[in-house]
Amino acid sequence: ALEGIPWGFFIANSPAYASEIVPLALRGACTATLQMSWSIGSIIVAAATYSYNKRNDEWAWRVPIALQWIFPVPLLVLVWLSPESPWWLIRRGRKEEALRSIKRLGSKREGNNEETLAMMERTVEIEAQAGGAPKLTDLFKGNDLRRTLITCFIYMSQNFAGNLIANQATFFFEQAGISPDFAFKLNLINSCLQFVANIISLPLTGWFGRRTIYLYGTAFNATMLFILGVCATVKQTNGTNYAQACLGIIISFVYAGTLGPISYSIIAETSSVRLRALSTGVGRAAYYVAEIPMIYLASKLLNPTGWNLAGKCGYVWGSTAVICWLSAYFFLPELKGRSYRELDILFNRKTPARQFKKTIIDVKDND
């Protein structure tokens with residue numbers, strides 16, 4: 001419970017911060033690296049648990065827990081040295097500090113930083129005129145309600161398209177008929193493959209749109225989940241056991257290369273600058289509202305003392321993935337390549353999600 005407080009701060013603020021300190025061209029790739037951070041952590045966890053899973057003394061649990069104390073110090077140093085978000089500084093009227101931060105982050109060419117500052121000031125000014133000081137209730141009013149719903153939906157959907165199988169990989173492999181020791185080994189391999197998928201996802205954010213990556217990734221995983229269910233339904237042999245394990249790895253790999261990283265890009269870009277901190281916080285809260293019952297359900301589905309469905313849980317998560325795909329198809333707009341000012345205009349105009357990519361915004365538009 002105590003660790004959940006800083007974790008909540010990190011995951012709520014990181015997408016907003018990452019999206020505000022990088023140029024437009026790098027925004028997708030930078031926010032997508034948040035998923036890579038999860039993968040690096042899972043590799044360390046998988047390596048520690050695999051190394052100590054055969055021990056029967058108290059060090060089997062003491063060492064993995066003690067290893068967590070390595071990370072706070074370097075993390076604290078990095079946070080201390082990081083520049084403050086210029087958007088945050090401008091919203092608080094600290095123009096000179098914002099310019100210094102932009103210079104640390106931006107181009108060395110004369111005039112570029114001043115132009116960036118002017119653009120940020122204009123965007124913040126327009127949003128402030130429209131809504132004044134940010135309040136939590138503003139998230140559920142007017143056009144911001146649509147943006148809040150998209151943010152909450154994307155956060156919540158992370159629990160419905162293969163992520164829970166990835167999070168319970170070791171137990172899933174055991175329930176699929178794999179020996180415990182090999183299941184821990186597979187979990188380590190799976191974590192390393194997720195990291196590779198995260199690296200592959202970085203150029204994808206530059207080549208393809210957010211909406212495209214989300215829809216294709218969800219469609220592929222939904223298909224794999226139904227195939228997993230079929231493999232668990234037929235007569236069980238060593239072949240079907242390994243097929244289920246391989247499908248579990250493929251689902252985790254695709255999630256780590258598409259839905260996982262692109263979700264953070266979408267979350268960071270959807271909300272208005274004025275309400276971004278509040279929006280990402282509420283979105284993360286929505287994630288936990290969905291995750292807590294889903295973790296219970298996932299354990300019930302897999303556990304021999306529960307419903308003992310093993311790989312047949314693919315039918316359940318495949319169905320929820322289809323619902324996510326349909327919702328995204330109709331309601332998720334394309335955000336790639338749009339400045340925050342352009343996104344404000346598109347949402348203010350109530351542009352349909354499937355028309356975002358085609359709509360042209362004139363440089364003089366301020367609506």
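Is L2 buried or exposed? L2 is exposed, since its relative accessible area is 72%; buried means under 20%, exposed over 50%, and partly exposed in between, with a 1.4 Å probe and protein chains only. This is a predicted model, in which local features need pLDDT of at least 70 and side-chain atom pairs count only at pLDDT 80 or more, while totals for chains, interfaces and linings use all residues. Residues are numbered from 1 along each chain as its sequence is written, and side-chain values use heavy atoms, without hydrogens and water.

L2 lies in the segment before α1. Together with I5, W7, F9, F10, L75, V79, Y288 and I292, L2 makes a nonpolar surface patch of about 970 Å². Patch residues have over 30% relative accessible area and no salt bridge (a Lys or Arg side-chain nitrogen within 4 Å of an Asp or Glu carboxyl oxygen); nonpolar side chains are joined within 5 Å, like charges within 9 Å. At least two patch residues come from each of α1 (4–21), α4 (72–81) and α15 (276–302), and α1 gives the largest share, four residues. Helices are DSSP runs of H or I, at least four residues, numbered from the N terminus.

I turn now to a helix pair. The axes of α13 (residues 238–257) and α14 (residues 259–270) are 3 Å apart, at an angle of about 25 degrees. The two helices are therefore roughly parallel, a term for angles under 35 degrees.

Lastly, T218 in helix α12 (residues 210–233) is buried, at 0% relative accessibility.

How values were computed: Areas by Shrake-Rupley, 256 points an atom, 1.4 Å probe, with all protein chains shown as cover. Axes fitted to C-alpha atoms, helices over the stretch in contact; angles between N-to-C directions. Parallel < 35°, antiparallel > 145°, perpendicular 65-115°, else oblique.
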